[in-house]
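Good morning, colleagues. Please have a look at the chain on the screen before I go through its contacts.

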Amino acid sequence: AIPFVEVPAGTFVMGNNRNINQAEMPAHSVTISKPLLVSTYEIRNAEWNTIMSRAPSWNQDDSMPVENVTWYEAVDFCNRLSLRSGLTPAYFISGDTVQCFFSATGYRLPTEAEWEFFARAGTAAEFYSGNPQTLFSGCLGSDTLESTVDRIAWYCLNAETRSHRGG
């Protein structure tokens with residue numbers, strides 16, 4: 001079974017005004033109006049394999065997060081998990097067209113605002129561990145480790161080009 005945690009409703013300031021990335025500006029207030037159940041960890045290969053066929057991951061260890069999954073495969077996973085759980089799927093999929101019905105009882109991916117709300121974990125910082133000092137521009141040779149993110153996440157500068165256990 002996939003473990004879930006309830007994230008209470010709340011209001012937070014989304015984005016930032018630090019002029020690092022225009023897409024994050026301007027900072028603005030967003031309200032998540034109802035509590036949400038969120039998977040405690042990334043979906044692992046074992047969970048993916050139970051719902052879908054073989055995980056497309058480079059590392060097939062059942063305890064590792066599934067990887068190399070497209071957005072379309074992720075919404076398909078959500079729908080299949082919903083059906084298996086007796087819930088109404090959140091997504092209508094027709095070819096490359098996907099429509100989300102937020103009122104459905106089934107599983108879905110978080111919106112950008114919801115994900116940012118989760119990542120901030122009730123703090124005013126961009127991540128619960130603080131505000132990063134730099135923009136991650138694709139892990140260029142000139143980029144350096146970001147201590148704020150280094151404490152809480154695997155990313156291109158600290159992951160040694162391999163997957164790591166979630167949590």
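Is Arg80 buried, partly exposed or exposed? Arg80 is partly exposed, because its relative accessible area is 40%; here buried means under 20% relative accessible area, exposed means over 50%, and partly exposed lies in between, with a 1.4 Å probe and protein chains only.

Two remarks on the source are in order. This is a predicted model, in which local features need pLDDT of at least 70 and side-chain atom pairs count only at pLDDT 80 or more, while totals for chains, interfaces and linings use all residues. Residues are numbered from 1 along each chain as its sequence is written, and side-chain values use heavy atoms, with hydrogens and water left out.

Let me turn to the overall arrangement. The chain has four helices and six strands; helices (H or I, at least four residues) and strands (E, at least two) are DSSP runs, numbered from the N terminus. Along the sequence, these elements follow the pattern β-β-β-β-α-α-β-β-α-α. Of the 167 residues in the chain, 31% are buried. The accessible surface of the chain is about 10,500 Å², and 55% of this belongs to carbon and sulfur atoms; the areas come from the Shrake-Rupley method with a 1.4 Å probe, and for residues only the protein chains shown count as cover. Taking contacts, that is, heavy atoms within 4.5 Å, between residues at least 6 apart in sequence, 42% join residues at least 24 apart.

I now return to Arg80 and the salt bridges. A salt bridge is a side-chain nitrogen of Lys or Arg within 4 Å of a carboxyl oxygen of Asp or Glu, and a search of the whole structure finds five. In one of them, Arg80 is paired with Asp76, with the closest N and O atoms 3.2 Å apart. Both residues belong to helix 2, and because they are four residues apart, about one helical turn separates them. The general point is that an α-helix has 3.6 residues a turn, so residues three or four places apart point the same way. Asp76 is partly exposed, at a relative accessible area of 22%.

Another salt bridge joins Asp61 and Arg165, whose closest N and O atoms are 3.4 Å apart. Asp61 lies in the loop between helix 1 (45-51) and helix 2 (71-84), and Arg165 in the segment after helix 4 (147-150), so this pair ties together parts that are 104 residues apart in sequence. Asp61 is partly exposed, with 32% relative accessibility.

Glu114 sits in helix 3. Leaving aside residues up to four places away in sequence, Glu114 touches Ile32, Leu36, Arg108 and Leu109. The C-alpha atoms of Glu114 and Thr31 are 9.3 Å apart in space, although the two residues are 83 apart in sequence. The buried residues of helix 3 are Ala113, Glu114, Glu116, Phe117, Ala119 and Arg120. Their cover includes strand 1, strand 2, strand 3 (28-32) and strand 4 (36-39). After helix 3 comes Ala121, with a positive phi near 50 degrees.

Next, the aromatic pairs. Rings of Phe, Tyr and Trp (its six-membered ring) pair if their centres lie within 6.5 Å; planes under 30 degrees apart count as stacked, over 60 as edge-to-face and the rest as tilted. The count by this rule is four. The Phe4 and Tyr107 ring centres are 5.5 Å apart with planes at 15 degrees, so this pair is stacked. Phe4 lies in strand 1 (residues 4-7) and Tyr107 in the loop between strand 6 (97-100) and helix 3 (112-120), so the pair ties together parts that are 103 residues apart in sequence. Phe4 is partly exposed at 32% relative accessibility, and Tyr107 is partly exposed at 24%. For Phe12 and Phe117, the ring centres are 5.3 Å apart and the planes are at 40 degrees, so the pair is tilted. Both Phe12 and Phe117 are buried.

Finally, the cysteines. With a disulfide defined as a pair of cysteine sulfur atoms within 2.5 Å, the count is zero. Cys78 is buried, at 6% relative accessible area, while Cys100 is partly exposed, at 22%.
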